[in-house]
Amino acid sequence: MRLATPSSLTLTQRLYQSLRDWVQQGQLKPGSALPSSRQLARELGLGRNTVLGAVDRLTAEGFLESRPGAGVFVAEWGAEVVAGASPVPKRAAVSPPLSARGQRILDVSSLLGDRHSAFVPGVPALDRFPRERWQRLLRRHQQQAPLEWHDYQHRGGVPALREALCDYLRLSRSVRCRPDQILVTQGAQQGFELIARLLADTGEAVWMEEPGYGGAHACFLSAGLDIVPVPVDDEGMAIATLPSSVATPRLIYVTPSHQYPSGVTMSLKRRTALIEAAQRRGAWIIEDDYDSEFRYASAPIASLQGLVDDAPVIYVGTFSKVMYPGLRLGYLVLPDPLVEPFKRANARLHREGQYVAQAALATFITEGHFARHVSRMRELYRLRQAALRHALAPAVANGLVLSAGTAGMHLVAELESPALEAELVSRAEQAGVLLSPLSRYFLRAPARPGLVLGYAGATDIEIAEAGRWLSDTWCTLSHRDGA
Ligand SMILES: Cc1ncc(COP(=O)(O)O)c(C=O)c1O
């Protein structure tokens, strides 16, 4: 027998590791007796205390068994233990491994592909983020961090950020709010989770735009809610199309400024009707305002939340698009009766944190860097959208329909048939182009076939190359199909 483990370990550690390996690999059979500690020490040329130290540890961990008067034995199930894991017998593979709810969440969660290719929706231009300035701000606030930032807190976020946000939202989004109504979250997703769990019970209905945002689908499913898909037309979510027998919702999720993914803006008539319907039915509206800063040709559309006094609206914002997704910062603007319950529940369920990043973000906003960055990105995305339209021009000239509008971070291409959608996605995979089928954004069949084409995070070259590939392939397939 030889000790195989690295000599950087102590002799006891090396013997422990070797004995454990021998047990797990079956060189020491379950139930067999271990030589006495004296004999082992002699055979291995080690001190007896070294041997006792290793044997005691393996006995405590359950790999060996000490039987008084008889000696030390290899435990019956020791060989079953996976290397590096705790000494628990291996379980037979369980199928299916997820709860029914877990499986449904997975079903609506698309594969995470290569995030850095053309056409990935929702990714901002990460390489254009002013990283050095941001890191300087982070360092500054890290150095000045008060002791309370090391503690558990439940104030809803760093006050300076809530104040800066409030000024920004009032001015640029016409949101009605005070700083104490803001709860900083780890992104919009956490905001949806809180809303779903605190305001709706299992089996209650949430009305959702169809097509709609997969992140919200997953979140409502995880809260056990019944999602009622509501069709979207060119005025936004059309609740008037719902049958009178439809389940009364507890929640209504909308993206009124820039419907995700179709890109339409909800008309004023629909906004008023939606607020009125929510009030009448005792429902809360979730306004997901994820990318309204990127409206290239005009000022951002005013929020639904600010349309009337006391609208039953929870406004959800995120810094994932205007800063970067890994920051994990977003926020809720809560109606007064929900402020305290949400802050307390959030402190219990998710805990607060990231105070340094929050404080740095407050300074980033108040010193004007945020507005400058957003304005630069708005111009960049305008150019990138134009580049994508240019690359797809040959297909458009042959009948490909692209979504209108000069806003956001993606375009939608309408396709003639689900078969064409599937064929394009599969050919794209082989060509190394990542295409998101529009059908993925629908909960109900039949879906409107199409493609969601992100451009914000792609370089000019990537847009030109992937755009040319798509244009050529669409022309070939569409021609072949006789469209
Ligand atoms: C419609 C929509 N809402 C919200 C978000 C932002 O989510 P988060 O703040 O959790 O990153 C996204 C990001 O992809 C989105 O597409």
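A salt bridge is a side-chain nitrogen of Lys or Arg within 4 Å of a carboxyl oxygen of Asp or Glu. The model is predicted, so local features need pLDDT of at least 70 and side-chain atom pairs count only at pLDDT 80 or more, while totals for chains, interfaces and linings use all residues. Residues are numbered from 1 along each chain as its sequence is written, and side-chain values use heavy atoms, with hydrogens and water left out.

**First stop.** Select Arg140 and Glu367, whose side chains meet in a salt bridge (3.5 Å, N to O). Arg140 lies in helix H5 and Glu367 in the loop between helix H11 (355–366) and H12, 227 residues apart. Helices (H or I, at least four residues) and strands (E, at least two) are DSSP runs, numbered from the N terminus. Arg140 is partly exposed, at 34% relative accessible area; the term covers values between buried (under 20%) and exposed (over 50%), with a 1.4 Å probe and protein chains only.

**Second stop.** Select Asp233 and Arg270, which form a salt bridge with the closest N and O atoms 2.8 Å apart. Asp233 is in strand E5 (residues 226–233) and Arg270 in helix H9 (residues 268–281), so the pair ties together parts that are 37 residues apart in sequence. Arg270 is buried, with a relative accessible area of 19%, whereas Asp233 is partly exposed at 33%.

**Third stop.** Select Glu193 and Arg197, another salt bridge, with the closest N and O atoms 3.5 Å apart. Because these residues are 4 residues apart in helix H7 (residues 188–199), about one helical turn separates Glu193 and Arg197.
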